[in-house]
Amino acid sequence: MKSPPFEYVRARSVDEACELLSSHGEGAKLIAGGQSLVPMMAFRLLRPSWLIDVNEIAALKFVDAQPDMVRIGAGTRQCVLAKDATLARLLPLVRQALAWVGHVQTRNRGTIGGSLVHADPSAELPLAAQVLGAQMKLRSKSGQRTLAADQFFSGPMMTGIRLNECLDEIHWPVWQDARVGSAFQEVSRRHGDFAIVGAAAQVAVDESGRCTRVAFGIGGAGPAPLAFPKLAARLVGTSLDADAVQSAVHDAAAELEPGTDTHATAAYRRHLARVLAARVLRSAYESARGGA
Ligand SMILES: Cc1cc2nc3c(=O)[nH]c(=O)nc-3n(C[C@H](O)[C@H](O)[C@H](O)COP(=O)(O)OP(=O)(O)OC[C@H]3O[C@@H](n4cnc5c(N)ncnc54)[C@H](O)[C@@H]3O)c2cc1C
């Protein structure tokens, strides 16, 4: 099916995009890579009257790496991020997540901001943002504000972004610990499909192999990707032995609200969540120890 008719305008700056969002009102939508928006329009799930193209806005495309934080412009293409060596060093989890996002062709057009705002519950980048505690910087005609990932993702394809706001940049905290490891795994029917369930973890250890920091999360098993900071804190001071991991992933799975659909039952999703969360925790731990 083809999308319903719409008007099109190209914004040259974030200010102009915000001005256009404000003047065209509810029916206006920003378009970045179009990899989610265009299919949604073709399926008639969305019928924007105006598309405001942000692809030509150079100020939305950048990676600024500081020792404690990486700022990424929302319009940066996924393929650029996947090849960025500094990002791979400072935010290995983002690199690992990107490898699972769609296909080379979709990553060539798809942007990091488009993926975060689209907020598919199974999407990899929102899960990485939850686990690492990323902050979304939002701009509108009337000013700017910042939302932490756990406030940003509010439900299936729902976020805290307002209709008149543009996601400007994403701030990713960098773990500066000496020994850090991370891992991302998912199960999907075919490579490149959306995950049935995905899991991500990042772990820091001391010289003796005890965890000094732990973060993990699960996507595809509820309305939005979830991180489990309280359960992760329980693992600090352990060597991620099997009992500690099993107890944490069991409790994490109990917090999930998986649904049943044509791809998987709720019970299978919960099972996958437990198995994958345990695997990424162990794998992140081994990687952190390997870096010692
Ligand atoms: C075959 C196929 C397979 C795919 N597989 C996966 C997958 O496995 N995992 C996955 O995560 N994704 C997958 N996708 C989705 C897609 O590739 C992108 O990851 C992403 O969801 C969309 O990014 P985009 O830049 O194309 O955004 P668009 O489609 O242009 O926009 C998506 C939404 O974000 C909004 N938006 C975009 N930029 C901004 C901004 N700066 N500020 C405010 N709002 C903004 C738009 O208004 C729209 O609501 C797949 C897509 C296809 C076609």
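**Notebook: loop, sheets and ligand shell**

Leaving aside neighbours within four places in sequence, I find S188 in contact with D193, F194, A195 and I196. I note that I am working from a predicted model. I then looked up where S188 sits: the loop between β11 and β12. I also checked its side chain, which reaches the backbone oxygen of R190 at 3.0 Å.

**Entry: the four-strand sheet**

From that loop I moved to the strands on either side of it. β11 and β12 belong to an open sheet of four strands, in the order β11-β12-β13-β14. I recorded the pairing as antiparallel. Which strands stand at the edges? They are β11 (180-187) and β14 (226-227). Each has a single partner strand, so one side of each is left without a neighbour in the sheet.

I see β12, residues 197-205, and β13, residues 211-219, joined in the antiparallel sense over eight bridges. I picked out Q202 as one point in this pairing: its bridge partner in β13 is A215.

**Entry: the three-strand sheet**

The order is β1-β3-β2 and the pairing is parallel. I marked β1 (7-10) and β2 (28-31) as the edge strands, each pairing on one side only. From one strand to the next, I read an average twist of 25°.

I followed β2 to its partner β3, residues 50-53. Four bridges hold this parallel pairing. Within it, I see K29 opposite L51 in β3.

**Entry: the hairpin**

I checked β6 and β7 next. They form a hairpin, and two residues lie between them. β6 covers residues 135-140 and β7 covers residues 143-148. I noted six bridges joining these antiparallel strands. L138 stands opposite R145 in β7.

**Entry: the ligand**

How many residues surround the ligand? I get 29, and the closest are L30, Q35, S36, L37 and T111. I sorted the shell by type: 13 residues are nonpolar, 13 are polar and three are charged. I also looked up which elements contribute. β2, α7 (112-118) and β10 (166-173) each supply at least two residues of the shell.

An N or O atom in the K29 side chain is 3.2 Å from an oxygen atom of the ligand. A32 uses its backbone instead: a polar backbone atom is 2.8 Å from a ligand oxygen. T111, listed above among the closest residues, has a polar side-chain atom 2.6 Å from an oxygen atom of the ligand.

On its own, the ligand has 970 Å² of accessible area, and the protein covers 89% of it.

Definitions and conventions
Residues are numbered from 1 along each chain as its sequence is written. This is a predicted model: local features need pLDDT of at least 70, side-chain atom pairs count only at pLDDT 80 or more; totals for chains, interfaces and linings use all residues. Side-chain values use heavy atoms; hydrogens and water are left out. Two strands pair if DSSP finds at least two bridges between them. Axes are lines fitted to C-alpha atoms, for helices over the stretch in contact, and angles run from 0 to 180 degrees between N-to-C directions. A residue is near a molecule or strand if one of its heavy atoms lies within 4 Å of it. A polar contact is a pair of N or O atoms within 3.5 Å; within protein, one must be able to donate a hydrogen and the other to accept it, and residues adjacent in sequence count only if both atoms are side-chain atoms. Accessible areas come from the Shrake-Rupley method with a 1.4 Å probe; for residues, only the protein chains shown count as cover. Ala, Val, Leu, Ile, Met, Phe, Trp, Tyr, Cys and Pro count as nonpolar, Asp, Glu, Lys and Arg as charged, and the others, Gly among them, as polar. Contact means heavy atoms within 4.5 Å.
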